[in-house]
Amino acid sequence: MESKSKKNPLAFLWFVSVFSLFNLSGCGKPQAPVSEAAAPASGAKRLIATTPSIAEVVFELGAGDRLVGVCRFCEYPEEVEKITKIGGLLDRDNEEIIRLQPDLVIELEENLDSCKTLRNFGIEVLTVNHKSIEGILDSFLLIGDRLGGEHFEKAVALRERLLREMNAIRERTEKTKPVRTLISIDRERQTGKLLSVFVAGKNPFFEEIIRVAGGTNVAKDALSPFQLVSVEEILRFNPEVIIDICPKVSQNTDPTGKDDWKTLGDGIAAVREDRIYSLSDDYASIPGPRFLLLIQRFAEIL
């Protein structure tokens, strides 16, 4: 285990694997959502989900029993623990994927190199967009279409329900003044100061989560989805609320982390008003079908 003064590399690797947003190049042309009439009676039987968010969608659509392989970071639902692991974004085991003989691998559309490699092996790949809420909702239909039958019907119903519940929250929060919010994605912990702070920047997923919940992202003009920022930049942002997302791999070393943020001083509204919140729930960093839980939690905070 690393000393407390060092950054835990597993934490950021975990975020890279579940979000996979650093490379924004496409994997061919994005597939448009299918119409309700297009659903086949039966579909793919042996699936591999290459990210936690994709695995969650498959389970939500009632087809978890068709998964023969999942990303090594998959932990929800608990049934995934019994499924063969095929590595993560940075250590994908293509030999294991071939051995599992899938009839469909579901990838994020930005993972261009992985898509190309799998297709060169003659493996069919379905690409989905989980960079935004709209993309997640559309992925229900794309995946449901390939599963066929009742699974597509579940996809349509799930998409409509989440849209309805999200819009209900939006109707309540848009009546209030937006709260200036900073989301910390990863950082060094228990150092007595703020070091290597990555925040949600130009990130469509978190942008809409914050907006629907009643806030505005102070780092929305950043150049990348996960932006490394200095203490000076945080002071300029002057957020009214700081949400510190703490992945599971960091919880044992720093369960709250408030003391580090308080080193910014009372010049920061969030520090002055003690509005610093730590979220360690796994859904807080997985852009999948549980995004509504994150919106609800943010709405409570804001």
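Which residue in strand 8 is the bridge partner of Val 199? Let's find out by walking through this predicted model, in which local features need pLDDT of at least 70, side-chain atom pairs count only at pLDDT 80 or more, and totals for chains, interfaces and linings use all residues. Residues are numbered from 1 along each chain as its sequence is written, and side-chain values use heavy atoms, with hydrogens and water left out.

The partner is Gln 227. Strands here are DSSP runs of E with at least two residues, and helices are runs of H or I with at least four, numbered from the N terminus. Two strands pair if DSSP finds at least two bridges between them. Strand 6 (residues 197-200) runs antiparallel to strand 8 (residues 226-229), joined by four bridges. Strand 6 also pairs with strand 5 (residues 179-186) in the antiparallel sense, over two bridges, and there Ser 184 stands opposite Val 199.

Now look at the side chains of strand 6: Val 197 and Val 199 point one way, Phe 198 and Ala 200 the other, and all are buried (under 20% relative accessible area with a 1.4 Å probe, protein chains only; exposed is over 50%, partly exposed in between).

Next comes helix 5 (residues 133-147), with 15 residues. Of these, 13 are buried, and the helix is followed by Gly 148, whose phi is positive, near 85°.

The largest nonpolar core has 62 residues; such a core is a set of buried Ala, Val, Leu, Ile, Met, Phe, Trp, Tyr and Cys residues joined through side-chain atoms within 4.5 Å. Helix 5 gives the most to this core, with eight residues.

Methods:
Expected span 1.5 Å × (residues − 1).
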